[in-house]
Amino acid sequence: MAANVRGRPRTMDTPDRKRSHRERMRLLRKSLINIGDSIQRWESLKLKLKLSSHTKMAEFLLDKYEEKYPQRRTSTPMVGQHKELMLSESEIASSSNHGGSEEESVLDTTKASSAKRVCLEIEENTGNTSFISTFCDDSQEEYYDPDDETYYPSFNISLVENEEDINHLGIREFGDEGVLDDSDTEDCETPDEHPAVRKISDPQELTGKSLTLAFEDCLLDLANITIDNKCHCGKQFRVLTRKVGSAMYLDWMCDSGHIGHKWCSQPLIKRVHAGDLLLSSAILLSGNNFAKVQLLAKFLNLGMVNAHTHHKVQGLYTVPSVMTYWERIQEDILLSLEGQELILAGDGRNDSPGHSAQYCTYTILDLEQKNVVGIVVIDKRETALKSTNMEKAAFQRALDFLIAKGVRVKEVVTDQHVQIGSLMKKKYPGIKHSFDIWHVAKNLAKKINQAGQQKGNESLLHWAKDIVNHFWYCAQEANGSEERFIGKWRGLLHHVTGVHQWALADVDNVTGCTHGALDSDKEYMEAGSPSHKALAKIVLETRFLNNTKYFVNFRHTGMLETINNHQLMYAAKRFAYSYPVYKSRCMLAALDYQQHKDRPVKLNKKGEQIYHRRYSKRTSTWSAFPEKRSKEYNYIPTIIADIVDRRLKDTQPMARKIPLLADDPRHIASTIAAMPPPPTKKLVEEHKSRFTEMSMETV
């Protein structure tokens with residue numbers, strides 16, 4: 001007999017139910033209003049007026065406000081005309097209609113204080129809110145069907161003293177196993193529905209309207225000034241607006257051209273609007289690009305700093321401030337490592353895909369404490385326009401800089417770059433050179449996949465993942481011994497044929513596999529088969545075995561990939577930058593990593609670690625990763641303060657030519673072109689279009 005299942009059948013799967021429930025919880029939290037300790041005054045006034053419900057109480061107060069202070073429409077700004085609502089208890093009582101009986105209006109305030117909850121109905125069509133009932137009874141639990149698409153929880157107005165106390169509402173999804181937690185979801189802010197706040201009812205009212213950047217202090221100054229409506233000539237003032245960069249000016253002018261008053265939305269920093277200076281600086285500091293932000297401002301009709309001012313601010317103030325701050329941080333890091341023998345990891349990154357890169361950024365990381373100790377940017381003009389030589393040159397410059405600073409380098413870990421390997425043997429023979437184990441494993445996987453593509457070697461592909469995993473195991477267990485690595489590595493040729501014991505012992509006197517019982521049904525290779533011979537060729541390759549000294553220390557540079565991802569944020573490969581701007585963006589990426597590398601993970605209210613899911617398109621698998629706390633960027637205000645200070649101390653006009661840095665490659669050549677540019681007129685005359693010639697032939 002089939003089990004009797006209560007309720008209607010499910011119509012949504014688990015992800016849909018979670019999304020539906022999360023949306024309902026979002027609407028619930030959006031309706032919450034915090035009135036804190038005012039609950040006692042609210043209850044006392046409602047009882048005194050003998051109002052039967054909170055709905056009547058709210059309607060009465062709103063009606064009283066609109067009656068005493070009707071909304072007025074004027075063509076000039078309402079400056080200094082805002083008044084607070086001042087209603088005495090006697091004035092309210094005289095206007096009360098005393099609706100409802102006394103028994104209906106009486107409420108135990110003690111119980112109300114403990115409950116501190118009032119039901120709230122949201123009228124979505126009108127945007128208004130109204131109280132609809134007395135305090136909810138906590139003893140009556142609401143029925144919750146997670147499979148019901150039409151289910152909506154009752155909306156509550158919370159009167160708790162601390163808004164953090166409401167975070168327990170709606171943070172757990174139905175069916176959640178405790179892996180994910182949506183308690184950190186931020187709700188949309190609800191604006192103040194004051195009668196004096198202008199409301200939009202027609203989309204055309206926003207078309208063509210101007211937006212501006214305004215400082216809070218300037219707005220307060222505007223609110224506190226008193227201006228006569230008439231000029232000294234007797235004519236009325238008109239308020240005219242004009243944009244200058246990102247600032248907005250208001251001019252009180254009469255028909256005769258007399259100016260009564262001026263107001264600007266931003267203060268000036270030596271004839272430069274503060275908003276222009278900060279906006280230009282923030283574009284670089286946040287890793288954005290001027291063209292994109294300018295397009296955003298154009299769509300919003302927002303006042304925007306022009307390109308000329310942006311580049312001047314960037315070159316004269318922002319870039320030097322970033323470089324100075326990074327140099328100070330780098331000095332502090334090197335000072336903390338003084339006297340220690342360091343294991344350094346390095347990796348290079350080009351500024352564009354392919355083999356046409358202009359810049360190469362080489363980053364040096366201390367593997368022990370995960371600190372960035374060096375970052376070098378090199379231009380192809382410094383390597384005779386050969387981009388393939390940039391990584392070696394950048395590595396050498398970075399390592400020489402650290403050695404000159406007195407850093408004691410014990411070991412250097414890089415990828416399998418041939419030029420760097422040769423340089424280490426010739427110039428730095430006293431420093432141990434190791435390969436990043438991940439790069440070695442990746443190259444090994446490529447060899448196996450290439451061999452498995454050949455006819456007769458198909459079974460090799462089924463073992464590819466296991467072979468790579470065995471390589472990781474051998475490198476980790478080698479503990480610096482080449483003999484131990486080779487002994488375990490060669491045992492792979494026996495294992496894949498189903499043989500787990502052999503005659504020759506390794507350096508640890510082991511004559512077989514060290515794994516336990518196997519429950520895998522993987523098909524073994526036949527000894528001497530084409531696939532087994534192909535595997536033996538890879539495992540026993542002379543060059544591979546001779547390079548075992550480079551990876552028996554089991555070093556990997558995964559943290560450098562994190563820094564490279566930061567550089568993609570600050571210096572994307574699809575954009576071109578001048579040398580100082582690109583260099584400062586790479587330094588910002590290093591600062592971002594350095595300041596946030598030790599961020600703690602997020603915890604829920606139970607103290608449990610919060611995870612988030614991530615889907616890999618390459619492996620078609622889901623993985624869970626711990627979620628860290630949001631970045632705070634505490635160093636940005638310091639850099640911005642230095643930018644403003646540089647402007648205040650600048651005694652020269654901002655329109656001057658920006659001097660080149662000492663290491664700027666433009667000292668070598670103005671461009672990366674191998675020849676000087678011809679006149680534009682000549683290029684236009686020599687230009688020919690295939691489509692134009694084809695159309696002429698058809699005629």
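A residue is called buried when its relative accessible area is under 20%, exposed when it is over 50%, and partly exposed in between, with a 1.4 Å probe and only protein chains taken into account. The model is a predicted one, in which local features need pLDDT of at least 70 and side-chain atom pairs count only at pLDDT 80 or more, whereas totals for chains, interfaces and linings use all residues. Residues are numbered from 1 along each chain as its sequence is written, and side-chain values use heavy atoms, with hydrogens and water left out.

Side chains of opposite charge can pair when their charged atoms come close. Here a salt bridge is a side-chain nitrogen of Lys or Arg within 4 Å of a carboxyl oxygen of Asp or Glu, and by that rule the count comes to 19 salt bridges. Helices (H or I, at least four residues) and strands (E, at least two) are DSSP runs, numbered from the N terminus.

One of the salt bridges joins Asp255 and Arg238, with 3.1 Å from N to O. Because Asp255 lies in the loop between strand 5 (247-253) and strand 6 (259-264), while Arg238 belongs to strand 4 (residues 238-244), the pair ties together parts that are 17 residues apart in sequence. Asp255 is exposed, at a relative accessible area of 56%, and Arg238 counts as partly exposed, at 39%.

A second salt bridge is formed by Glu541 and Lys447, whose closest N and O atoms are 2.9 Å apart. This pair links distant parts of the chain, since Glu541 is in the loop between helix 18 (530-539) and helix 19 (542-546) and Lys447 is in helix 13 (residues 437-452), 94 residues apart. Glu541 is partly exposed, with a relative accessible area of 28%, and Lys447 is partly exposed as well, with 34%. Leu540 is also found in the loop between helix 18 and helix 19, where it is partly exposed with a relative accessible area of 39%. Leu540 and Arg490 are 50 residues apart in sequence, yet their C-alpha atoms are 7.6 Å apart in space.

Elsewhere, Arg242, Asp251 and Lys262 are linked in a network of salt bridges.

Another buried residue is Ile329, at 15% relative accessibility, which is found in helix 10 (residues 307-336). Ile329 and Val373 are 44 residues apart in sequence and 9.4 Å apart in space, C-alpha to C-alpha.

Most residues other than glycine have a negative phi. Lys370, however, has a positive phi near 60°; this residue lies in the loop between strand 8 (359-366) and strand 9 (371-379) and is partly exposed, at 30% relative accessibility. Asn479, which is not a glycine either, has a positive phi of about 55°. Asn479 lies in the loop between helix 15 (464-478) and helix 16 (482-490) and is exposed, with a relative accessible area of 68%.

The surface patches come last. Patches are made of residues with over 30% relative accessible area and no salt bridge, like charges being joined within 9 Å and nonpolar side chains (Val, Leu, Ile, Met, Phe, Trp, Tyr) within 5 Å. Glu59, Asp63, Glu66 and Glu67 form a negative surface patch; Glu59 is placed in helix 3 (residues 54-68) and is partly exposed, at 43%. Leu211, Leu296 and Leu300 make a nonpolar surface patch of about 260 Å², and Leu296 lies in helix 9 (residues 290-300).

Definitions and conventions:
Accessible areas come from the Shrake-Rupley method with a 1.4 Å probe; for residues, only the protein chains shown count as cover. Lys and Arg count as positive and Asp and Glu as negative; His and the chain ends are not counted. The place of a charge is taken as NZ of Lys, CZ of Arg, CG of Asp or CD of Glu.
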